[in-house]
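Thanks for making time this morning. I would like to walk you through one model, so please have a look at it before I start.

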Amino acid sequence: MDLHLKNLFGRFQDQFGSGPGLGPGSGVCLMKVEGISSNIVQSIFRASACLFRSEPWKRLRPGHLFGVRVGKDSDWSGKRQPFQCVQFIGGDGGDIAMYMYRSMSYALKMTDDSWEMARVPNVEVLRVTYELESLMFPSNKRMIKSLSLEVSGTDRFPVIDVARCTTSGELKFRSPTLEELRLVFAVMKALSLVHPLLLEEEMQVRGLPRMIKFSPFIETVDVQWPPEMFKGHDFVAVTVSHPPGQSYEQKSKKAVLAHEDEALDLVSGMANLRVGNNGAEAGLSRCTMCEKAVYRDECVCCSHCRATIYCDSDCEKRHWREMHRSVCSLYEAMMSREEELKLKIFTFSCYAENTCEWLGSLGIHKKGMWRRQCSCYSHQPFGLLHCFSSDAQSESWGGLEEGDSPQDLPIQSLNNGRSPGLILMSDWSDYYDLRCLPRSSPVADILCYPLTLYHILTSVSTHSKNLLLKGKEVTVHYLGPERELDWIKAFAEINHLLNGLGTVQIIMIGPEVPPDLSGTIATTSTTNSRVKVSFVRGLYQEEVTYLTSPDIIVALNCDLDGYSSWGGAVETMNNMGNPGFFTDKTEEACGNTKAVLRNAGLNISHPVAPNPFRSPVRTCAKSSNLPCYSNGFILGVNT
């Protein structure tokens, strides 16, 4: 039957074609590859699904060629990596696939001037073709069902084969070797991480309106081998370049700097000019009225409340007449709480008009988890910082002295005589005393995320506190994570503070979860973790039906009024009726969040109040002088 179907597809392809590629997969069944195991097949299908989720076909066309180098030449049986050039097929229609060639010259020969595929005799192509399950051969359908293989998208699975055109123009196929499958696995994992980092140099290439031109690019990432493919090293370095042959030296000559610090300075400088994203980094704010960029030392403030910022007196007068007159006294009251909101127990500088300078003054700029606290790494996706650094402490506390950061050890090991049981705290003083940290340590600036969550679970929400005291599990739906995705190690503090009682399952859901992280589970601690974090990419209203029901929902630094995508999530929360808690940086932003929730029909049961576990570091709001702290204020619904 397989042979009959193969011949049938061959005749159909000869008559009608199937897009710019070499046609559908040959029907090769991976279980027939010598030395293969079911675990290897499952790992390859997972990597394939990860690449498919990253959607390279949205921007990439056959004319975009990539060089890939996996490990060292000595790692391969022929002392040379067998396939070294990659292209993506199907962005303009037809079969969706990834093709690999032995060299760039072979790839160019196979891709003609119209970016159609030319059948060059005796050139082998290692193909990963994503086929609809309904069109797959029965042997592959049986393999997919028996091994419960992961689907790519909603209804596609990869078919992997090696195609070769004969001198007569006929296509011949063979099964990939086990070594070639290892190569495919590493390449798919690496490309899913790095192709989103390509920067568009021009909108179009002349004469080719559908093809985007990208800046020269080279990046090296570490890919972890699954246990069944492990050969001496857990990780392998994969270097991806565009165009193929691009080197770090060439990259430097073309002003795309090779050294990481230099490149980060360039990106940081550009990001600082984008006022809408990070105006405070360069001392810039936005006019409250017209949103024009204005330097903070040149701006005009409301003479009554001193809170709102304007580019000139004309905008101040217009805003007074149109809106500000009615809320000026409210802003004045918010400004009067400046002293009250300062956390004066700390001895390090707690004001950061320029975050890079503040981090630099503490010796932690561009180090460890602190890399997410400024715009220098904003060009790299959330959750993937560890993939772009050779720093052994890339997920740690960076440049802090020993004893200035919490140890990943149980509380009992550090506090003799303390019995197991939930630890309740009221503020940062309690925490720093418990963990024997000096007041000069700035870790509270990052720990304000996990400790705010712990504060909600053990002090604000009676429901979750009772569950933990009974030793039960609390499921948290954590909405809209961003920088937290690179701070999972910091969430180990929740594990230690539980102190042997109860468990917490945190499900982080949001559009910023990278495709490679979505669907995975992380433990926060190396010592008997009672906290597990799982990741789901997507909008809450679309994913919630597939998730474990929550005991509590949280959204930290949510900016609920700033993104239209929150509307569906808020409506979903209203229908569910679960307790929910929100934080934001300013009292004004929290007030706007309250208005959004009320308009959606939610009951504000925990009023806006200062969060005792807010960051102690005051930063600058975009359009005001209001006191601004990460997770500064908190409110709750349905409590």
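I will go through the sheet, then the helix contacts, then the cysteines and a few backbone details.

A word on the basis: this is a predicted model, in which local features need pLDDT of at least 70 and side-chain atom pairs count only at pLDDT 80 or more, while totals for chains, interfaces and linings use all residues. Residues are numbered from 1 along each chain as its sequence is written, and side-chain values use heavy atoms, with hydrogens and water left out.

Let me begin with the sheet. There is an open sheet of eight strands with mixed pairing, in the order β17-β18-β16-β15-β19-β20-β22-β21, where helices (H or I, at least four residues) and strands (E, at least two) are DSSP runs numbered from the N terminus, and two strands pair if DSSP finds at least two bridges between them.

Which strands does helix α15 lie across? Helix α15 (residues 462-469) lies across β15, β16 (503-510) and β19, at about 140 degrees to β15; here axes are lines fitted to C-alpha atoms, for helices over the stretch in contact, and angles run from 0 to 180 degrees between N-to-C directions. Helix α19 (residues 587-599) lies across β20 (580-584), β21 and β22 (633-637), and runs at about 10 degrees to β22.

Now to the helix pairs. The axes of α14 (residues 444-460) and α15 come within 6 Å and cross at roughly 85 degrees, which means that α14 is roughly perpendicular to α15 (angles under 35 degrees count as roughly parallel, over 145 as roughly antiparallel, 65 to 115 as roughly perpendicular and the rest as oblique). Ile 456, Leu 457, Thr 458 and Val 460 in α14 meet Thr 462, Ser 464, Lys 465 and Leu 468 in α15, contact meaning heavy atoms within 4.5 Å.

How many disulfides does a search of the whole structure find? The search finds zero, a disulfide being a pair of cysteine sulfur atoms within 2.5 Å. Cys 302 has its nearest cysteine sulfur, that of Cys 305, 3.7 Å away, and the sulfur of Cys 328 is 3.8 Å from that of Cys 302, too far for a bond. Cys 302 is buried, at 3% relative accessible area, and Cys 328 is buried too, at 6% (buried means under 20%, exposed over 50%, partly exposed in between, with a 1.4 Å probe and protein chains only).

Finally, the backbone. Glu 55, in the loop between α2 and β1 (66-70), has a positive phi of about 55 degrees although it is not a glycine, and a cis peptide bond, with omega about 0 degrees, joins His 242 and Pro 243.
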